[in-house]
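Thanks, everyone. I'll go through one model, starting with the sheet and then turning to individual residues.

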Amino acid sequence: MSESFIHAEYPVAKGDYTRAGEASTDIKRRLRQLGVGSNVMRRVAVASYEVELNLVIHSDGGKLTLDVDTDGVLLVSEDVGPGIADISMAMREGYSTASEEARSLGFGAGMGLPNMKRNADEFDIQSELGKGTRISMRFRLA
């Protein structure tokens, strides 16, 4: 990507359901201020919310990084935590390893990773057991 118009980092804490969604709300606000089209803004908002919730539910904490430039939007999630044992299984709609607490709050339906991939123009996930997971998503502006 070329020089960023926006660079922002959002720390996300494990189990912080009360603040879940704050980062994705701020990301949407920033994109609106830049005049990003509603279709792109909607797709980024969905993907950023899903990845933010995955950090809260499944990781031991991490961060979201947003970069916006003339090439588009880059959203990267990096966490420390258990990692994903079977990425292909985790990519299936409805598959979830969410805790009972997350499910009782209405989260953990197993749509997070599929929704991220569906909304991003480019999607990459790397995970190492016992270390953590990195998800990178790109969204073209045009």
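What we have here is an open sheet of five strands, in the order 1-2-3-5-4, with antiparallel pairing. Strands here are DSSP runs of E, at least two residues, and helices are runs of H or I, at least four residues, both numbered from the N terminus. Two strands pair if DSSP finds at least two bridges between them. At the edges sit strand 1 (6-12) and strand 4 (122-128), each pairing on one side only. From one strand to the next, the twist averages 10°.

This is a predicted model: local features need pLDDT of at least 70, side-chain atom pairs count only at pLDDT 80 or more, and totals for chains, interfaces and linings use all residues. Residues are numbered from 1 along each chain as its sequence is written, and side-chain values use heavy atoms, with hydrogens and water left out.

Strands 1 and 2 run antiparallel and are joined by seven bridges. Val 12, for example, has Gly 62 in strand 2 as its bridge partner.

Now Asp 69, which lies in strand 2 (residues 62-69). Is Asp 69 buried or exposed? Asp 69 is buried, that is, under 20% relative accessible area with a 1.4 Å probe and protein chains only, where exposed is over 50% and partly exposed is in between. Asp 69 has no salt bridge, meaning a side-chain nitrogen of Lys or Arg within 4 Å of a carboxyl oxygen of Asp or Glu. The nearest side chain of opposite charge, Arg 138, is 6.5 Å away; Lys and Arg count as positive, Asp and Glu as negative, and His and the chain ends are not counted.

Lastly, Ala 142 is in the segment after strand 5 (132-139).

Note on methods: Axes fitted to C-alpha atoms, helices over the stretch in contact; angles between N-to-C directions.
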